[in-house]
Amino acid sequence: MRGQEHRGLYVEARIRAGLDDLWARTQDPAAHQRWDLRFSRIEYLPRAQGEPQRFRYATRVLPFLTVAGTGVSAGERERPDGTRTSALRFSSPHPLSLLAEGSGYWRYVPDGDAVRFLTGYDYRPRWGRFGAVADRLLFRPLMGWATAWSFDRLRLWLERGTTPGRALARWLTELGVRALVLVVACTGLGLEPFLRSFGPFAASLAYLCPLLLSVAVCVALLAPPLPGTPAARRCLRRSPAHVRAPRVLRTLETPR
């Protein structure tokens, strides 16, 4: 990532909000941990004046398992055009953490009445060949999805005032409704009592059931998320050719 085009994970969202408001929601640990699905807790560590900001993070993988790590941030770098960049390095010594160490950046690009908020990051997996395969097939796609989903949840918070908790509840509700429709469509569970409620028209409706169930499956699988529900698909997931990692990454030591 040093001075080269980013080849790791990339996510970009266009957020209609002031740059200062977006900066505050992403740079303040208490606010950051509310919208970012990848972290359960983020806290700054004490530092001397002039030193980079170090932080500790934790991710709850299971109800009884939390994976923690540390990082160091370079803070703000602002260009004459108003673009800001925050770079960081991070690592986790936890033996159950597939992510060993990595680096990344956030960039804030003014764009009319909005801000293009983008990130690029990469990391080194542990566990040898098994870890490399697990990362390529499962963990890396999951991290990319979680980052994009979180960016859209942040967008809803800033644009609509939808709190992260409420956004998560809406997503779970919509996911549950879609799953219920698929279960009913694929198994016919509960259809017989429903058809009987139509009395003499039940037999006619029964002939239409295959068509209606096919439509229901298509809607459940292909219909776009509701406007107030976070969705990773609303974010750009492929890095434009001209996007490069910031040189400020060179100034950061790998956290211990």
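Student: Hi! Of the contacts in the protein with a separation of 6 or more, what share comes from residues 24 or more positions apart?

Tutor: Hello! Residues 24 or more positions apart account for 62% of those contacts. Keep in mind that this is a predicted model.

Student: Noted. How many helices and strands are there?

Tutor: The protein has six helices and seven strands. Along the sequence they follow the pattern β-α-α-β-β-β-β-β-β-α-α-α-α.

Student: And what fraction of the residues count as buried?

Tutor: The protein has 256 residues, and 42% of them count as buried.

Student: Let's go inside, then. Which residues have the most contacts inside the largest nonpolar core?

Tutor: Those are Ile15, Leu22, Trp35, Tyr108, Phe117, Phe151 and Leu154, in a core of 21 residues. Two or more residues each come from β1 (9-15), α1, α2 (29-35), β6 (99-111), β7 and α3. Helix α3 gives the largest share of this core, six residues.

Student: What does Leu22 touch, leaving aside its neighbours within four places in sequence?

Tutor: Leu22 is in contact with Ile15, Tyr108, Val115, Phe117, Leu154 and Leu158. There is also a second, separate core of nine residues, and it includes Phe55, Phe90, Leu99 and Tyr123.

Student: Back to α1 for a moment. Which of its residues are buried?

Tutor: In α1, which covers residues 19-27, the buried residues are Leu19, Leu22, Trp23, Thr26 and Gln27. Looking down the axis of α1, these buried residues fall within an arc of 110°, so they line one face of the helix.

Student: Why would residues three or four places apart point the same way?

Tutor: An α-helix has 3.6 residues a turn, so residues with that spacing point the same way.

Student: Now Leu9, please. Is Leu9 buried or exposed?

Tutor: Leu9 has a relative accessible area of 12%, and it is buried because the cut-off for that class is under 20%. Leu9 sits in strand β1.

Student: What does Leu9 touch, not counting residues up to four places away in sequence?

Tutor: Leu9 touches Thr119, Gly120, Tyr121, Tyr123, Arg140, Met143 and Gly144. Thr119 is 110 residues from Leu9 in sequence, yet the two are 8.0 Å apart in space, C-alpha to C-alpha. Met143, which Leu9 touches, is also one of the residues closest to the centre of the largest pocket.

Student: And where is Arg116?

Tutor: Arg116 lies in strand β7. Its relative accessible area is 21%, and that makes Arg116 partly exposed. Apart from neighbours within four places in sequence, Arg116 is in contact with Tyr10, Glu12, Ala13, Arg107, Tyr108, Val109 and Asp111.

Student: How far apart are Arg116 and Ala13?

Tutor: They are 103 residues apart in sequence and 5.8 Å apart in space, C-alpha to C-alpha.

Student: What about Ser103: which strand is it in?

Tutor: Ser103 belongs to strand β6, and at 8% relative accessibility it counts as buried. Ser103 and Gly120 are 17 residues apart in sequence, with 8.7 Å between their C-alpha atoms.

Student: Last one, on backbone angles. What is phi of Trp127?

Tutor: Phi of Trp127 is near 75°, a positive value in a residue other than glycine. Trp127 is found in the loop between β7 (114-125) and α3 (128-160). With 38% relative accessibility, Trp127 counts as partly exposed.

Definitions and conventions: Residues are numbered from 1 along each chain as its sequence is written. This is a predicted model: local features need pLDDT of at least 70, side-chain atom pairs count only at pLDDT 80 or more; totals for chains, interfaces and linings use all residues. Side-chain values use heavy atoms; hydrogens and water are left out. Helices (H or I, at least four residues) and strands (E, at least two) are DSSP runs, numbered from the N terminus. Buried means under 20% relative accessible area, exposed over 50%, partly exposed in between (1.4 Å probe, protein chains only). Contact means heavy atoms within 4.5 Å. The arc is that of the directions from the helix axis to the C-beta atoms. A nonpolar core is a set of buried Ala, Val, Leu, Ile, Met, Phe, Trp, Tyr and Cys residues joined through side-chain atoms within 4.5 Å. On a 1 Å grid over the protein atoms alone, a cavity is a set of points where a 1.4 Å probe fits but cannot get out, and a pocket is an open set with protein on both sides within 12 Å along at least five of seven lines; lining residues have an atom within 4 Å of a point.
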